[in-house]
Each structure stands twice: as structure tokens, then as C-alpha cells.
Amino acid sequence: MPEFAVWAPLPERVRLDVEGSLHPMTCGDDGWWRIEVDAAPDARYGFVLDDDPKVLPDPRSPRQPDGVHERSQLWQPAPDAWTDGAWAGRKIEGSEKGQVIYELHTGTFTPEGTFDAAIGKLDHLVDLGVDFVELMPVNAFGGTHGWGYDGVLWYAVHEPYGGPDALIRLIDACHSRGLGVLIDAVFNHLGPSGNYLPKFGPYLSSGSNPWGESINIADAGADEVRRYILDCALRWMRDFHADGLRLDAVHALVDTTAIHILEELSAETDALADELGRPLSLIAESDMNDPRLITPRDQGGLGMTAQWDDDIHHAIHAAVSGETQGYYGDWGTVEALAQTLRNGYFHAGTFSSFRNRRHGRPLDTATIPATRLLAYTLTHDQVGNRAVGDRPSQNLDTGQLAVKAALALGSPYTAMLFMGEEWGSSSPFQFFSSHPEPELARATAEGRKREFAEHGWDADEIPDPQDPQTFLRSKLKWDEIDDGDHGRLRALYRELIALRHNEPDLADPWLDHLRIDYDEAQRWIVMHRGSLSIACNLGADAVTVPVTGDVVLAWGEPAPEGDGMSLAGHSFAVVRTQSR
């Protein structure tokens, strides 16, 4: 007979509804209401608070087959659901080769937009050579499609993707192919559609962030809210066999307690890894440029495995594309690119014009390996949060895309790709939602247009997030991957990743071993990594770079010229250099 339990210190009375039958629950001093009731393994259930007749879903719901506003469902995986018993896991940091992560959005990765359909594309990823699949949020959120960052039932899997059983099949299939799986988890806010948690207890704080009210992790009643977050995070790794998490916008987790919740999660993740006998990773998204985030706990840090590094993205993108508006204002020069690649952070206690203040803290490159920072040329954020969701492939020539790839994949950092990047996908990735509430739908659409109109865009050009065509336009076009430049770029990515995996010099994680030369006027830059030099021409005109040796891989047709090598505009060469 299963026990039903819910933490609900606010209501004075809680009743359990199982398949329409009400049962009064008993509350202990800890605010937890409990009852044992005979129920089928797949029974629908929920909770009725005080005199409100609405049956609310379980805050820790294992499944939401009818959406986030309806009853929960009991769920356990089938006994034979997993076949990955031999999976030993995969490390991000400390590997003998440079790891590559592939970020994807389940709903737009395939025409069907499901976990099962994604399985059919895994062999493409294996052929490409990536090591990890990173799934954008798969938690339950309102509507049928969206980015997933407005989740409200963090324990449940979004049903239109296939629900929990299909997620198991996808992760199991990844492991059978040697691919690790990371899940994007959002613990800094709750979505606006279907958020019933405040009716149960003090889940929200008095503060706020750009996405709404903040989560209560430090105010009165925070202990159980913190436990709610920690248990959810561990569940993805324990029950769904994920190899780690990407933690969304951790700078929005305002924690004034002595033990930060990220430090607590790091410790519990390490303990779970020991229990499971396989490595588990925590990758934080943070814009703080604070190395304490990725400093081990025994050295006074929070113990995150790695973090997204937008400085590297901005430096690469601005230098190659020439865009310097908005938050790209401090970048665009080759010098800024060289400084960022050499130091990990560009803003390290230095003035940020976008923020109009000093920002960041220097990274100790002698003690923190570069693999704790992620390098990328685009992400869902850096595409989808543009006004029309345009990718670099829609604005740059193929040579510029190739140079970007060489800079990211040839760097000492852990590399990450965003789905479709490897062939220069022609599909945009736009901001889309499907809120069922008319007022919320209208507010989302109007707010998006108003936001970009304030920055000079024609409001009529901004895609309506609620228009189903915005979602459909964002789906990858798999029939183009072998066509012309798409196919050439895809082959290049495959070769760059193979080089990254097979060349020991490219696995060296220490920035103190990295040497960079550049010429601002001629717009070339060279990363020297042991016996290999990655020489890139960011400009449109041919230049001669002071590198000699055998060409290992190139885009364009490099040629020896005097004491150097000639590179065509928007091209690169990986050269095994002669002894210096």
C-alpha cells in the first residue's frame, strides 16, 4: 500500500484525491501530510487544500499525463527499462581528450519533436564525435511546446516529448552508444502557467529576478524548499541515469546562508557518484565571472565541475562577425579575443561598459584547468534571445563559421555545440511558447515585441512566440546536412573533433601552456598548443601568418610563403609546427 506525502505547512486541511475518492491526511510537526491508501500503480491522484475544491498536482509529481494543471499519476520505470548496467559514465574534467557537448532542444531537434525520434539521430552525433548530449529542460511546463525554462513541476517529464518512459529510452540509447547525457535543470524561478507551489508552502522569497519571483532558499521555511531542489537534482541523476546537470542561471539563486545551495548540491552529487560508481558533473550557467564557482569545495569554492563562459562566446562572435552592439560592446578586437582565450574571463575585475561597473574576478590559471570553462560559438540563448532568432549561419559566410569552429574546438576549454551548428543549419531558433491561458499568451507576445522595439527593432519583425509557425520554423532541416557548404562544414566539424580527441596537445587543459600571437591590423590570431598551432584569418583579405610546418587540417588553401604561411580571407590552418 503506497504512502502519499506532501509538504504543505500553509493550509489547515489537506485531503488526498485518488481517482476521485477523497481521504483526509494527517499532518506532523514538520509540515508534512501523510496517508497510506490502496491505489493502482498508475493511479491518478492530487491534493485538495482547505475548502478549495480544485485537485492540485503533487509538487513532487512523478508524471503529469494530462498537463500541469491536472492530477498527477503514480509512476515507476518498468523492471527491464534499463540496459545500461555496464555504463561506467563519462567525465568532463580530467579526461585524456578534450570533451565535446552537444546542446539540443527535444521539440525542434527532429520533425516529430520527441525523445524517441531523437534516438534516431544519435548515430549522427556518434559519427560527429561528440561525447555528451545536453538536453534543454525536459521538466513539465504549461502548454505543448516551449523552451522549457518555465517549468512548474520539476520532478515530472514533459509529456509531449514522450514522458518519463521515453526519456529513459533516450538516455539508455545514448549510453549504449557511449554518449553521456546532461539535463538542463532550472531552479531559479517557476513558470507562470500551472505554478501551484505557493498554495502549499513558502516556495517563493520576497526577492525577484528577471523571470519572476525568486525561489526561497534562504528565508524562513527555506530548509524544505532547498531539500525540494536537491532531491529533484539528484533524481535526474539517480532515477533517470543522467550523467550530470546544466544548472540554469545560478547567479539568480540568492543564498545568504553559510553553506550555499550549490556547495550543498556539489557535496551530495559527489556522494551519489560514489554510491553509483560513476562520475557525475554539474555545469553552471553564470554571468558572474567568479572562479569560486568552479573551485573545489576543499579549496573554499562551490565545487561546480564547470561553467558556461559567455565571455569566450562574445569574444569569438564579435571578432569574427564584427557585431559590437549591446553586450558585445567591449569585444570585437582581435586583442580582446586573444585576452579572453588566454585568461578564460575577459572581465576579471575590469570595467564592463554594458553593466557600467567593474565585473568579474581573475581566474587562477595555474590551479583551475581550462576544462572547467565551456567554449562555444552559439547556444540556445545566444541565438534564441536575438530579436528574430537568427543563427550566425544566416549572417556569416561559411569560412567565418569554419574559423569560429576552429577557435572553439581548438581551444583548451571544454567545447559545446548547439544543434545544427555543425552543418550551418538554415533554420532559426526563435523564442516560442504555447501558454494555454489567453491573457498570458497575449502578455508574452506583447512583451517580446515591446522589449525589442525599445532597442530599435520594428515590432512587426519580431516573431510572435505563441504563433505555432514560430515553433515550426525553429525545427532543424535534416535534409540539408549533406548539401554543398552544409556538407563541407559538417565534414570539417567531424575532423576538428577527431583532431581534438586524438592529439594529446589539444587535451592539455592548462592555460599557462597556451601561447597566443595576433595582429590587430591584419586580423589574424594563432593559438600555439604544444606542437600544434591553430592559425586563423578573421579578415576578408589574405594574410601571411608567422607559422611554418605541416598542415594537419585547414579551411581554404594555405600555402608556405617566406617565413610564414599564407591564409586566404576567412580561413584557418592547423599546423604541426617546426621546432622553435
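This is a predicted model: local features need pLDDT of at least 70, side-chain atom pairs count only at pLDDT 80 or more; totals for chains, interfaces and linings use all residues.
Trainee: Which residues does the UniProt annotation "active site" cover?
Mentor: The annotation comes from an unreviewed UniProt entry. Its positions are spread over 38 residues of sequence, yet they cluster in space, with a largest C-alpha distance of 5.3 Å.

Trainee: Is D248 buried or exposed?
Mentor: D248 is placed in the loop between β15 (244-247) and α7 (261-276). Buried means a relative accessible area under 20%. Because the value for D248 is 8%, this residue is buried.

Trainee: Is E285 buried or exposed, and at what relative accessibility?
Mentor: E285 is located in the loop between β16 (281-284) and β17 (306-308). The cut-off for buried is under 20%. E285 therefore counts as buried, at a relative accessibility of 11%.

Trainee: With which side chain does the side chain of E285 make a polar contact?
Mentor: Leaving out residues up to four places away in sequence, E285 touches R246, L247, D248, A249, V250, H251, W308 and D381. The polar contact in question has a distance of 3.0 Å. The partner is the side chain of R246.

Trainee: Which residues touch the most other members of the largest nonpolar core?
Mentor: This core has 154 residues, and helix α6 (residues 222-238) gives the most to it, with nine residues. Beyond four places in sequence, L247 touches residues including F187, L262, I283 and E285. The residues that touch the most other core members are L247, L407 and I525.

Conventions: Residues are numbered from 1 along each chain as its sequence is written. Side-chain values use heavy atoms; hydrogens and water are left out. A nonpolar core is a set of buried Ala, Val, Leu, Ile, Met, Phe, Trp, Tyr and Cys residues joined through side-chain atoms within 4.5 Å. Buried means under 20% relative accessible area, exposed over 50%, partly exposed in between (1.4 Å probe, protein chains only). Helices (H or I, at least four residues) and strands (E, at least two) are DSSP runs, numbered from the N terminus. Contact means heavy atoms within 4.5 Å. UniProt positions are given in the numbering used here, feature names are shortened, and annotations may be inferred rather than shown by experiment. A polar contact is a pair of N or O atoms within 3.5 Å; within protein, one must be able to donate a hydrogen and the other to accept it, and residues adjacent in sequence count only if both atoms are side-chain atoms.
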